[in-house]
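Open the model in your viewer and follow the stops below. Each one says what to select and what is there.

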Amino acid sequence: MKGLALTSIGAILAAILVNAQDETGEHPGWPRWCGKVYESGYPSFEPGGHTTEPAPINPDGELNLYVQFKPRYSIYLEGETKGSFVVNAALSPWFGEPWTNSTSNDGGAEMKLSTGLSFSISLTSQDSSGGTLLVESSIPVNTTGAIFDFDLGGFKPRMEPYEVMLSGSSGNYNYTATSSLLYLPEAVPGGSVTKIDHLSGSLLFRNAQTDGAFVPLLPYGYYGLYNGSNSTAESAAFVSGYTSNGDGLNGIVSLAGFADTNPVYDSMDASTLRFMFDLRGSYKNLTEVEQRVNTIKHHSSLFAYWSADEPDGWQVPFETTPAAQSLIHELDPYHPVAVTLNCQDFYFGEYTVGADILMADPYPIGINASFSKWGTACNATLGDCGCDNCVGDGVRDVARRHDDLQTYERWLGRWPLPKFHNPQAFHGEDYWSRDPTPGEAFVMNALAFNRGITGIFAWTWPSSDEMFDTHSKMAGVVTNAPVRDFLLGGQPSGRVSITVPKGQDVDEELLEGAYWVREKQVLVSVVNGGYVAINATPSVTLPVPAAKIASVSFGDLSWELRDGQLAVETLPAMSVSFVILDLE
């Protein structure tokens, strides 16, 4: 409920009562957050809006073949000659069409008929060049993330998407899927362009500073305030201090004080700081959205727009964020649109329709998860304790939230959105009794990275010096090669097990490891999310044979490679290590 930090409680409640007809969920007009009433004197009720696991599509439990595909990148630009599609042919208990792993007996010899999907991808007949074949190939059934290149030479750049269709067969069954391809005119000189990688969920960014090349971008920063000064010297000093002269934070969401024509944007254009433009106060007014987007869209440091802040918490009408997204795409198709969700699960499907990037802001540190400042209990049907449906055991609530988001997407049969984590870097409002410690901040971010997160924006700047130094330190590592390139490679390759010596009284749920393989190296993330150190040489079993430790990129611990395992004398409480190893 971070919006309360910048608005009076009385004004919010008055607006709620006046605009009750513009709310979703049960009992509009009551003081609610995430669909649940939070003031005393009201009865609890089932808020609804839950995302649930679908019933099996086949009563006998047989799996279907669920075929999906997308262009590798959200946009292609005039002058690019090669594109690619990402094809998924997953077995699913909930979606898709029938599939049978059958065999036939031909002259006494058994032959498998349907172990693969043969397919073609073509332009649809809606386009003047409809029917043009782009890809013809095959993949094994239950394959995901398969890449197939195609030629862009026959496409004419335009603002409207090209519609494409996949037609395939496996055994005696046929399959179809549709998608859209954007091949845009070249952007205005001096501006910027951001692509979403639909394979990894990461971003690629291009402006004059990248010499016309698309480079990986892992944005890391704050939702930030500015003093509003029109002094060029002050704006340049702000950018220099905020980024630690380019060695720390590299991203910001521009909040109050960043007037649309303020020279601070020119100072960002001259630096390596990238900004997400704040439309949260405007996205319900499309006339205002048009004016503001047209004012800002040609800045070379712009990488995305932020439309809605916690629309699920505020119970905003479902059509509001998609309408804003559609208009922004029309005005500026070169930059994606982000939405922040606050609730664990209040109409997740409806509130993510208007997002190209999904941000989540669970704030679990220093809360009372069972009883609120409003004088009510907090549970699944009542109350607001500052972190919706959180357990209240600290950093693990972050892991649970990001696990939930991925689960909901699978249950809805959706292509995963890129996801950013919004860590807590504040206290107050009678919800949060303290700031996170540096260790807690590191751990919450690492748990998010272990779940494929590709961006970090903390609430809110200015923070304490300790929080600023903490996030600047981590940003200096994860936004640059080599760690950045592992983290932006998609979901981790898998988990690693951490062995705790006998006699250590440790909740093993608080220990977590993940790894990413890239070329001839592996990055291992080791997290101790507990408040107790692990002594007597804990070890990490490596999933792949390693020749040597290339670097301990983050964590300042003296890791050693012993008999195919990573080992360290002590794993401190609330600690994170990123270790890169060369493969054998």
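Start with the sheet. Three strands make an open sheet, ordered β15-β16-β17, with antiparallel pairing. Strands here are DSSP runs (E, at least two residues; helices are H or I, at least four), numbered from the N terminus. Two strands pair if DSSP finds at least two bridges between them. This is a predicted model: local features need pLDDT of at least 70, side-chain atom pairs count only at pLDDT 80 or more, and totals for chains, interfaces and linings use all residues. Residues are numbered from 1 along each chain as its sequence is written, and side-chain values use heavy atoms, with hydrogens and water left out.

Pick D197: its bridge partner in β16 is S202.

Next, the cysteines. The whole structure holds 3 disulfides, each a pair of cysteine sulfur atoms within 2.5 Å.

Select C34 and C343. Their sulfur atoms lie 2.1 Å apart. C34 is in the loop between β1 and β2, C343 in the loop between β22 and α7, 309 residues apart.

Move to C378 and C385. The S-S torsion is about 95°, so this disulfide is right-handed.

Finish at C387 and C390. Here the torsion is about -40°, so the link is left-handed. Both C387 and C390 are buried.

Notes
Buried means under 20% relative accessible area, exposed over 50%, partly exposed in between (1.4 Å probe, protein chains only).
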